[in-house]
Amino acid sequence: MAAPAPAAAAAPPIIQIVDLHKSFGDHQVLTGINVEVPPGSTLVILGGSGSGKTVLMKHMIGLLKPDSGQVIVDGEDIVPFGPEALERVRRKFGMVFQAAALFDSMNVYENVSFPLREHRKELGEEEMRALVKEKLSIVGLKNVEHKFPADLSGGMRKRVGLARAIVLDPKIVLYDEPTTGLDPITTDYVDEMILDAKRELGVTSVVISHDIASAFKVADNIAFLSQGVIVDQGPPAKLRHSEHPAVKVFLQTWFGKN
Ligand SMILES: Nc1ncnc2c1ncn2[C@@H]1O[C@H](COP(=O)(O)OP(=O)(O)O)[C@@H](O)[C@H]1O
Ligand SMILES: [Mg+2]
């Protein structure tokens, strides 16, 4: 019998983690992580507090080295890379942290243009103004350049943080707990921002969260981290009906009351 025709080759993943192990002393945090992120998709890493989500994300940009395993970014295993090669890899990433981490003493224009001053020294002031305006418009903000972080709502600060994260045109955007500690309306606003960034920029995104509602809203795929491994992963509709006990218990806290 003829072999079945091969399926059309899927685009290779932008990030692929292969059998990654990481301990701190005798504390085994990650014990065999396998996960991949297709180009242009959003992966949400969901898991309880202290499950190792941030540790996993730090491996993606080479801030931590695994004890064993591979971290393949855009076709290269970055694990053996030294500081210079990692610096080049990190330019592919934009990062949005929990606290928007804006510089309070700088206005929005100075905050968003900051990476340009570091990495695009050839640009003139007018070109920088135009780029900042373009990125602010992508995150849905207009005429806020002169405002200071203290004058902005929590959701707007997150958007400014994202504008800064995308100002160097990264391929990948990482969000570590972007909605933690926000009220429900601001959380919605930030979820919309993540969806907008994907639509407008076509970026690949990895979002760390313990917020189930946000995860199900923004994810193309969800990977559930528990006890050092990804115990289940797939599109939200599949995870929703996971048979894994840890996932069921975790989701029950949300879907049980909704
Ligand atoms: N640099 C470090 N040194 C020692 N232990 C660490 C370090 N970073 C994280 N850990 C431990 O790894 C575990 C997972 O942490 P983390 O990834 O921050 O969890 P979360 O899922 O909440 O993001 C925690 O027990 C934490 O204390
Ligand atoms: Mg964390």
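How many aromatic pairs does the count come to? It comes to two. The model is predicted.

1. **Phe103 and Phe114.** The ring centres of Phe103 and Phe114 are 5.1 Å apart. Their planes meet at 55 degrees, so the pair is tilted. Phe103 lies in the loop between β6 (93-96) and α3 (108-119). Phe114 belongs to helix α3.

2. Phe103 has a relative accessible area of 33%, so it counts as partly exposed. Phe114 is partly exposed too, at 31% relative accessibility.

3. **Phe224 and Phe250.** Here the ring centres are also 5.1 Å apart. The planes stand at 70 degrees, so this pair is edge-to-face. The cut-off for that class is over 60 degrees. Phe224 sits in strand β9 (residues 221-226), and Phe250 in helix α9 (residues 245-255). They are 26 residues apart, and this pair too links distant parts of the chain.

4. **Burial of that pair.** Phe224 is buried, at 3% relative accessibility. Phe250 is buried as well, with a relative accessible area of 17%. The limit for buried is under 20%.

5. **Charges over rings.** Two Arg–Tyr arrangements deserve a look. Arg129 places its charged end over the ring of Tyr109, 3.8 Å from the ring centre. Arg159 does likewise with Tyr189, at 4.1 Å from the centre.

6. **The shell around ligand 1.** Which residues surround ligand 1? They are Phe24, His27, Val29, Gly48, Ser49, Gly50, Ser51, Gly52, Lys53, Thr54 and Val55. By class, the shell holds three nonpolar, seven polar and one charged residues.

7. **Elements behind the shell.** β2 (27-37) and α1 (53-60) each contribute at least two residues to the shell around ligand 1. Helix α1 gives the most, with three residues.

8. **Backbone contacts of ligand 1.** Ligand 1 has an oxygen atom 2.7 Å from a polar backbone atom of Gly50. For Gly52, an oxygen of ligand 1 is 3.0 Å from a polar backbone atom. For Lys53, the corresponding distance is 2.9 Å, again from a ligand oxygen to a polar backbone atom.

9. **Cover on ligand 1.** How much of the area that ligand 1 exposes alone does the protein bury? Taken alone, the ligand exposes 570 Å², and the protein buries 58% of that.

Notes
Residues numbered from 1 in each chain as written. Chains lettered and ligands numbered in written order. Predicted model: local features only at pLDDT ≥ 70, side-chain atom pairs only at ≥ 80, totals over all residues. Heavy atoms only, no water. Phe/Tyr/Trp six-rings, centres within 6.5 Å; stacked < 30°, edge-to-face > 60°. Helix = DSSP H or I, 4+ residues; strand = E, 2+ residues; numbered from the N terminus. Buried < 20%, exposed > 50% of the residue type's maximum accessible area, 1.4 Å probe, protein only. Lys NZ or Arg CZ within 6 Å of the ring centre and 35° of its normal. Near = heavy atom within 4 Å. Polar contact = N/O pair within 3.5 Å; in protein donor to acceptor, adjacent residues only side chain to side chain. Areas by Shrake-Rupley, 256 points an atom, 1.4 Å probe, with all protein chains shown as cover. Nonpolar A, V, L, I, M, F, W, Y, C, P; charged D, E, K, R; others polar.
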